[in-house]
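Okay, thanks for coming, everyone.

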Amino acid sequence: MSNITSKNLEIVNQAIDDLWEEELLFLKSIGSFESTLGNEKETQIFIKKHLDDMNLTTTLFSPDPKRLSAYENYGKPEWDYEDRPVLVGEWKSDGEKLGKSLILQGHIDVVSAEPKQLWEEDPFIPTIIDNKMYGRGILDMKGGVAAAIYAVKALQKANIKLGADLLIQTVIEEECTGNGALALLDKGFVADGALIPEPTELRGIHSQLGVMWLRVKVKGSGAHVERAEMAQNAINKSTILIQALEDYRKHINAQPKHPDFTHHSHPLNVNVGVGYGGDWPSSVPNEYTFEARVGFYPGTDPSDVQEEVKQWLLKASEQDDWLKENPPEITFFGFHALGYTISKDSELFNRIASAHKKTTNEEMESLAFTATTDLRAFGEFGIPATCYGPSGANMHAPNEYIDLDSLKTVTKTIAAFILDWCKENN
Ligand SMILES: [Zn+2]
């Protein structure tokens with residue numbers, strides 16, 4: 001049996017080499033869609049056609065927040081889901097179940113490419129230079145989506161019949177709520193294990209942080225600058241609270257660390273990412289709003305962190321005469337994401353590591369990740385899952401790129417993992 005498998009693995013790896021130019025073209029194609037929040041549909045339709053051509057049974061639907069709001073990881077959206085589908089393609093196994101079923105999941109939403117003038121190339125015309133492909137979302141994580149699809153395509157080309165069902169899922173909102181991942185699992189598209197080829201530099205994630213978002217609205221009392229001494233400047237007042245968040249960041253990193261993150265000097269990031277308010281340099285702004293992201297350890301309830309941060313900011317407000325009387329309005333939206341852990345001794349983690357070794361002849365390193373991924377959705381459904389994906393640089397920044405050698409390695413590792421996890425049906 002194992003001899004047959006390793007012989008088949010050679011055939012499959014040859015198929016991945018033969019399909020390589022096509023895989024690159026596919027990645028360029030999906031990378032050319034500007035699939036930011038609200039603009040994901042075209043990408044999903046394009047991928048659906050591709051999965052249909054592979055004879056997978058495809059289902060495309062838009063998430064229904066009413067169905068999802070009961071989940072712990074549900075992120076509160078401030079937008080609707082019309083024409084914003086998630087997609088699944090099922091490759092059903094015909095015979096008896098010999099192995100375990102598997103989900104290969106990837107997100108096709110990307111963050112904004114602004115400021116676009118800082119890019120060397122157009123972020124939505126993916127360009128290959130020196131064996132790197134540049135473009136927004138090429139690394140995070142359209143490359144991983146291409147790897148998953150072409151691993152499956154290579155198995156089909158090698159005439160492999162799997163001993164368990166395999167599902168390819170492409171989702172939206174990994175970058176803001178995680179509701180896309182929940183929507184597919186909630187509809188019953190579940191399996192015995194899951195792999196997300198997020199860009200991990202060929203490492204397996206065994207632990208990741210939780211994340212939550214908040215919005216702080218600070219009121220002032222505006223006036224023309226000549227009477228500014230009578231007014232309260234909302235932007236100036238906001239700096240008190242932004243400084244308080246900086247103090248909070250230092251405070252939480254000075255606490256004892258979660259065992260998975262002890263090697264990290266500063267695991268918990270607090271980031272003020274958005275600010276808006278005021279409309280004229282010579283007017284005192286009436287209102288200023290900023291939005292921030294807070295990280296926390298696995299095992300912590302995001303609602304507890306929300307309460308802690310709220311109390312921290314209100315306490316800082318007490319120190320200022322104006323803010324004491326006019327406390328900020330603090331609300332929570334988007335990420336309400338639990339941390340996630342999987343044992344390095346678990347079967348899924350070991351089988352990914354062994355697939356990595358078959359491909360590279362090296363031991364797989366593990367990674368405690370200081371941000372979030374959709375892994376937590378699988379955690380909520382009790383499905384063992386990890387991330388393992390390509391290398392590159394500049395995620396969420398100008399000149400994002402993927403290292404193409406690593407993409408081929410990931411494609412081969414995924415194929416080897418599928419054979420090992422799902423088994424073959426003769
Ligand atoms: Zn990602």
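So, at what angle do helix H2 and helix H12 pack? They pack at about 110°, and their axes are 12 Å apart. Quick background: this is a predicted model, where local features need pLDDT of at least 70 and side-chain atom pairs count only at pLDDT 80 or more, while totals for chains, interfaces and linings use all residues. Residues are numbered from 1 along each chain as its sequence is written, and side-chain values use heavy atoms, with hydrogens and water left out.

A word on labels: helices (H or I, at least four residues) and strands (E, at least two) are DSSP runs, numbered from the N terminus. Axes are lines fitted to C-alpha atoms, for helices over the stretch in contact, and angles run from 0 to 180 degrees between N-to-C directions.

Back to our pair. H2 covers residues 20–31 and H12 covers 404–422. The two are roughly perpendicular, a label for angles of 65 to 115 degrees. Who touches whom? On the H2 side we have Trp20, Glu23, Leu24 and Leu27, and they meet Leu404, Leu407, Lys408 and Thr411 in H12. Contact here means heavy atoms within 4.5 Å.

Staying in H12, look at Thr413. Is Thr413 buried or exposed? Buried, with a relative accessible area of 1%; the cut-offs are under 20% for buried, over 50% for exposed, and partly exposed in between, using a 1.4 Å probe and protein chains only. Skipping neighbours within four places in sequence, Thr413 contacts Ile352, Ala355, His356, Thr359 and Tyr388.

Now the sheet. It's open, with 6 strands in the order E1-E2-E6-E3-E7-E15, and the pairing is mixed. Strands pair if DSSP finds at least two bridges between them. At the edges sit E1 (57–61) and E15 (385–387), each pairing on one side only. E1 pairs with E2 (residues 86–91) in the antiparallel sense over 5 bridges, and Thr57 stands opposite Glu90 in E2. Helix H5 (residues 138–157) lies across E2, E3, E6 and E7, at about 145° to E3.

The peptide bond from Glu114 to Pro115 is cis, with omega near -5°, and Pro115 is in the loop between E3 and E4. Asn159, in the loop between H5 and E6, has a positive phi near 60°, and Asn159 is exposed at 61% relative accessible area.

Definitions and conventions. Parallel < 35°, antiparallel > 145°, perpendicular 65-115°, else oblique.
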